Structures are given as C-alpha cells and as structure tokens.
Amino acid sequence: MPVVWEWDVGERFCVLDGVQNVDDEYQLSKGISRADGFPADASFAMSAKHRKYVALADNISNLNRALVVSHKLKEAIEARRPRDVEFLRVSILDHKQKLASNDYFIINPFNVVDCIDKDKSKYRWNNIDPEKMSSCTRLVLKPEAIHPELLLFRLRHLEYYVLVHPDLAAALEDEGFTGLRFTPIDEFES
C-alpha cells in the first residue's frame, strides 16, 4: 500500500514560504504538468516565521506543499524512472533574500489517480470546490485502482498530497535523506 509523502522539519531545517515568480502556482499541487515554460527564476524564500531554522534538508517543507528536494534526492528518484513525473529547478533564498542554493527541484507528479474508496473513507467535501475534499480523517484506498508500478502519484479529490510506492519510500529512508517522512495510509489525516 502506498504511503503519503510528508516533511520532517526537526529542530534545524528551514521552512519555505510559497514559490515566487511562477504564474498559476496552484497548478503545482493539482497534478498539472508545468515543464513547458517553467521560469528559470522560480524560487522559494525561507520563512520569516521560522528565522532560527536555516539548514537545508533534502526535502523542504513549504507553503505550497510542493515536493522541494535537493539535487541528491532528485537524482535518487529520477534514477528509478518514475512515470508522469517532472523535475522543475528552483532556487532557495535565505532570510535576507540572498541565494542559499540554486540546486533544488520541485518534483511534480502529474498522474492523478481516482482510488479513494469513498464508501469506507471518512471525509468532508469542500464547500467551494465540490470536486475537492476539505478534510479526511480516515483514508481508505482501492488498491485495484492503483497501477502496481506507479512510484509517485496524486489522489483525485486530495491532489495536494503525493503518494509514494512503499518500495521507493523504503529505499529513500534507507539512503538517509533528511527532512523526509512517509505516513502510512491508515495514520493519514488531512
């Protein structure tokens, strides 16, 4: 069963504000391909609300809930040749808006899978967008709806969340990447 990709800020890793210089940035969490025309000056700045956190993790938490990863983590995932996934280069700016790194990427899986078992899950629909769940306190998936070779994908109705094949999650954990956490489906709440 896939697991949910999450962040582990710990006691030293930076937290980022939203992406800058990207039009229609909401598409980065909707399962929409952005490789065509993605701006070369796309960046994230470290959050002023978390000034004491400055270390760069391999997986960095951010307001967009985008998968912002180091070059090393990107390479580890890219080597496994995931389907329907693009890697978009971004820069990280420190608290003084100076370049901290220009070697980070947004991993953007654009395969959205309709695999939530709505009869067994416990959720509330969004009042504004009837195609989105505003919360989910019990998530149950239909395994038969998920292609067994799919490494990264988004959930229809909960596109902000990226699910990861358990073998890929275990391999990434074994490689010791920082800032990375995977939540089992039965422990997930949005």
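Author: Helices (H or I, at least four residues) and strands (E, at least two) are DSSP runs, numbered from the N terminus. Two strands pair if DSSP finds at least two bridges between them. In general, strands of a sheet pair through backbone hydrogen bonds, either parallel or antiparallel.

A word on what you're looking at: this is a predicted model, where local features need pLDDT of at least 70, side-chain atom pairs count only at pLDDT 80 or more, and totals for chains, interfaces and linings use all residues. Residues are numbered from 1 along each chain as its sequence is written, and side-chain values use heavy atoms, with hydrogens and water left out.

Five strands make up an open sheet with mixed pairing, in the order 8-11-12-1-13. Its edges are strand 8 (112–113) and strand 13, each of which pairs on one side only.

Strand 8 runs parallel to strand 11, and two bridges join them. In that pairing, valine 113 has leucine 155 of strand 11 as its bridge partner.

Now jump to strand 1. Its link to strand 12 is antiparallel, with two bridges, and here valine 4 stands opposite leucine 163 of strand 12. With strand 13, strand 1 pairs in the antiparallel sense too, over five bridges; valine 3 has proline 184 of strand 13 as its bridge partner. Five of the five residues of strand 1 are buried (under 20% relative accessible area, with exposed meaning over 50% and partly exposed in between, using a 1.4 Å probe and protein chains only). Strand 1 is therefore largely enclosed by the rest of the structure.

You'll find leucine 152 in strand 11 (residues 152–155), and its relative accessible area of 0% makes it buried. Leucine 152 sits 10 residues from valine 162 in sequence, and the two are 6.6 Å apart in space, C-alpha to C-alpha. Contact here means heavy atoms within 4.5 Å. Leaving aside neighbours within four places in sequence, leucine 152 is in contact with residues including Trp5, Ile77, Val85, Ile107, Val164 and Leu168.

Some of those names come back in the largest nonpolar core. A nonpolar core is a set of buried Ala, Val, Leu, Ile, Met, Phe, Trp, Tyr and Cys residues joined through side-chain atoms within 4.5 Å. This core has 22 residues, and the ones that touch the most other members are Trp5, Ile77, Ile107, Leu152, Val164, Leu172 and Phe182. Among the elements giving two or more residues to the core are strand 1 (3–7), strand 12 (158–164) and strand 13 (180–184), along with helix 1 (71–78) and helix 2 (166–174). As a general point, nonpolar side chains tend to be buried together in soluble globular proteins.

Isoleucine 107 takes us beyond the sheet. Not counting residues up to four places away in sequence, isoleucine 107 touches Trp5, Leu67, Val69, Ile77, Val85, Glu86, Phe87 and Leu152. One of these, phenylalanine 87, stands opposite isoleucine 107 in strand 7. Strands 6 and 7 run antiparallel, with eight bridges joining them. Eight of the nine residues of strand 6 are buried, so strand 6 is largely enclosed by the rest of the structure. Strand 6 also pairs with strand 3 (residues 43–46), in the parallel sense over three bridges; there, serine 91 is the bridge partner of serine 43.

Stepping back, the protein chain has two helices and 13 strands. The radius of gyration (taken over C-alpha atoms) is 16 Å, close to the 16 Å from the globule rule (2.2 Å times the number of residues to the power 0.38), so the chain is as compact as a globular protein of its 190 residues. Buried residues make up 52% of the 190. For contacts with a separation of 6 or more, 69% are between residues 24 or more positions apart.
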